[in-house]
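Look at the structure first, then read on.

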Amino acid sequence: MSPHSLSLLYLLFSVSITPSLSDPRSSEAALICGNQTASNSTRQTVITNFSSAMEAVSTQISSSSYARTVNGTGNETVFAFSECMKDLSRSDCELCVAQCKTRLYSCQPFSKLIRSGRNYFDGCYLRFYNNSGGGGSGGSGGGNGNSTTELD
């Protein structure tokens with residue numbers, strides 16, 4: 001094949017191939033914040049458990065397309081769940097959940113101690129809730145906020 005033919009062949013293939021851009025599908029569909037708040041006496045424990053749960057979600061999402069975690073004990077236990085649509089790449093899933101998590105802070109889990117929130121994006125969702133009493137391990141609260149468990 002002549003060099004001219006190779007150049008023409010290269011030009012033909014490079015023009016016919018269109019680049020593919022990834023889309024994390026991170027358009028928000030719904031943000032739902034609970035209306036119950038934790039008491040000020042449990043503020044630090046709830047904040048610690050919430051932060052630890054969100055970190056565990058990020059860690060699990062980076063190795064799977066879903067995350068389920070329980071952090072804390074008693075009435076201050078924080079549960080968090082997240083999942084990506086099956087067609088998202090790993091990096092798009094991580095990006096979607098990160099953006100979902102950022103928007104979930106609009107529920108003000110730190111300043112108002114909101115006990116629950118859900119955020120649904122086109123490509124993923126994230127939900128958290130804080131055990132609001134009567135049940136859970138320990139029953140009456142007083143958790144130390146340092147136990148994290150992955151659910152199966």
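Which residue forms a disulfide with Cys84? The partner is Cys93, and the two sulfur atoms are 2.0 Å apart. The model is a predicted one, and the values below are computed from it.

## Overall fold

The chain has three helices and six strands. Along the sequence they follow the pattern α-β-α-β-β-α-β-β-β.

Of the 152 residues in the chain, 36% are buried. Among contacts with a separation of 6 or more, 73% involve residues 24 or more positions apart. The accessible surface comes to about 8,700 Å², and carbon and sulfur atoms account for 54% of it.

## The disulfides

The whole structure holds three disulfides. With bonded cysteines counted along the chain, their pattern is 1-5, 2-3, 4-6. Cys100 is in no disulfide; the nearest cysteine sulfur belongs to Cys124 and is 4.5 Å away. Cys100 is buried, because its relative accessible area of 0% is under 20%.

Cys33 and Cys107 are bonded, with sulfur atoms 2.0 Å apart. Cys33 lies in strand S1 and Cys107 in the loop between H3 and strand S4, so this pair ties together parts 74 residues apart in sequence. The torsion about their S-S bond is about -80 degrees, which means that the disulfide is left-handed. Cys33 is partly exposed at 37% relative accessibility, whereas Cys107 is buried at 4%.

The link of Cys84 and Cys93 is right-handed, with 85 degrees about the S-S bond. Cys84 is buried, with a relative accessible area of 3%, and Cys93 is buried at 2%.

Cys96 and Cys124 make another disulfide, with sulfur atoms 2.2 Å apart. Cys96 is in helix H3 and Cys124 in strand S5, so the pair ties together parts 28 residues apart in sequence. The torsion of about -90 degrees makes this disulfide left-handed. Cys96 is buried at 0% relative accessible area, and Cys124 is buried at 4%.

## Gln99 in helix H3

Gln99 is placed in helix H3, residues 90-104. The residue is partly exposed, with a relative accessible area of 31%.

Beyond its neighbours within four places in sequence, Gln99 is in contact with Ser26 and Phe121. Gln99 and Glu28 are 71 residues apart in sequence, but 9.3 Å apart in space from C-alpha to C-alpha.

## The cavity

The count gives one cavity of 30 Å³ or more. The largest cavity has a volume of about 40 Å³. Its lining residues divide into six nonpolar, one polar and one charged, including Val46, Phe50, Arg115 and Asn130. Helix H2 and strand S5 each supply at least two residues of the lining.

Conventions: Residues are numbered from 1 along each chain as its sequence is written. This is a predicted model: local features need pLDDT of at least 70, side-chain atom pairs count only at pLDDT 80 or more; totals for chains, interfaces and linings use all residues. Side-chain values use heavy atoms; hydrogens and water are left out. On a 1 Å grid over the protein atoms alone, a cavity is a set of points where a 1.4 Å probe fits but cannot get out, and a pocket is an open set with protein on both sides within 12 Å along at least five of seven lines; lining residues have an atom within 4 Å of a point. Grid points are joined across faces, edges and corners, and a volume is the space filled by probe spheres set on the points. Helices (H or I, at least four residues) and strands (E, at least two) are DSSP runs, numbered from the N terminus. Ala, Val, Leu, Ile, Met, Phe, Trp, Tyr, Cys and Pro count as nonpolar, Asp, Glu, Lys and Arg as charged, and the others, Gly among them, as polar. Buried means under 20% relative accessible area, exposed over 50%, partly exposed in between (1.4 Å probe, protein chains only). Contact means heavy atoms within 4.5 Å. Accessible areas come from the Shrake-Rupley method with a 1.4 Å probe; for residues, only the protein chains shown count as cover. A disulfide is a pair of cysteine sulfur atoms within 2.5 Å.
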